[in-house]
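This report concerns the pairing of charged side chains. Side chains of opposite charge can pair when their charged atoms come close.

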Amino acid sequence: FQDLVEANIRYLPLYPDESNCIFNETLLTQTESVFTDLLPEYTALCNVIKVIDIPASFENNVLNIAMNAEQSKALAYISRASDVNLSFLEDEKAEKPQKDTDIHWQWRLLNAERIAALLDPHRFGVKAMYLFGSVKNASARADSDINLLIHFLGNGAQMAELKAWLEGWSQSLAQINFLRTGHKSKGLLDVRIITDEDIQNKSVFARKINAVTDAARPLPIGTHLK
């Protein structure tokens with residue numbers, strides 16, 4: 001629950017068995033879920049968790065939710081994007097909507113997973129790799145880095161080779177991001193390397209591993225090696 005709140009993810013509980021709840025269960029059960037596309041390593045949960053891409057499934061329409069907390073009433077409905085009332089955004093202090101935010105984090109996540117899958121743990125002396133920050137929290141923007149945390153066990157030569165390998169990825173992804181968004185950067189990877197000593201001393205980044213809230217997400221390494 002705390003992770004949902006910190007990631008700015010809205011939630012709305014439904015109680016279909018209650019007499020005053022009108023729930024289109026067919027829409028939920030028959031619309032294609034993109035859960036396994038987002039988190040393929042958690043396929044076992046696909047019967048429990050369902051993620052629906054509303055624009056993709058309903059001809060670029062959007063989902064609107066109107067709520068009244070005092071009356072404990074809410075209405076969710078699908079409509080054309082042009083019909084959505086965005087008058088509340090006229091306040092200069094209101095947060096402006098981020099265009100295509102999902103695209104920015106999705107392709108970054110896929111590339112982070114691919115980097116981990118192609119990383120040779122024996123060659124580079126790596127025990128584990130983790131993802132944290134805006135990409136993990138699905139809030140990345142066009143100028144966001146991919147924050148990686150690497151648990152390193154190797155020697156100096158392996159460290160130098162690992163950094164060179166990651167720098168190649170970083171510059172390549174920065175070029176791809178420039179072609180997609182027009183945003184220029186010297187590199188797209190922000191890599192933090194920690195050792196057993198850092199974990200023992202509970203350094204700032206080491207504490208992200210198995211944290212109670214906003215924990216770094218493990219990325220399987222070496223799974224695509226021949």
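The model is predicted, so local features need pLDDT of at least 70 and side-chain atom pairs count only at pLDDT 80 or more, whereas totals for chains, interfaces and linings use all residues. Residues are numbered from 1 along each chain as its sequence is written, and side-chain values use heavy atoms, with hydrogens and water left out.

The structure holds six salt bridges (a side-chain nitrogen of Lys or Arg within 4 Å of a carboxyl oxygen of Asp or Glu). Among them are the following.

| Salt bridge | N to O distance |
|---|---|
| Glu 41 and Arg 217 | 2.2 Å |
| Arg 217 and Glu 113 | 2.9 Å |
| Glu 161 and Arg 123 | 2.8 Å |

Glu 41, Glu 113 and Arg 217 are linked in a network of salt bridges. The pair of Glu 41 and Arg 217 ties together parts 176 residues apart in sequence, because Glu 41 lies in the loop between helix 3 (35-38) and helix 4 (54-57) and Arg 217 in strand 6 (residues 217-219). Helices (H or I, at least four residues) and strands (E, at least two) are DSSP runs, numbered from the N terminus.

Glu 41 is partly exposed at 35% relative accessibility, whereas Arg 217 is buried at 11%; buried means under 20% relative accessible area, exposed over 50%, and partly exposed in between (1.4 Å probe, protein chains only). Glu 113, in helix 5 (residues 101-118), is also buried.

Glu 161 and Arg 123 form a salt bridge between helix 7 (residues 156-181) and helix 6 (residues 121-124). Glu 161 is partly exposed at 33% relative accessibility, as is Arg 123 at 40%.
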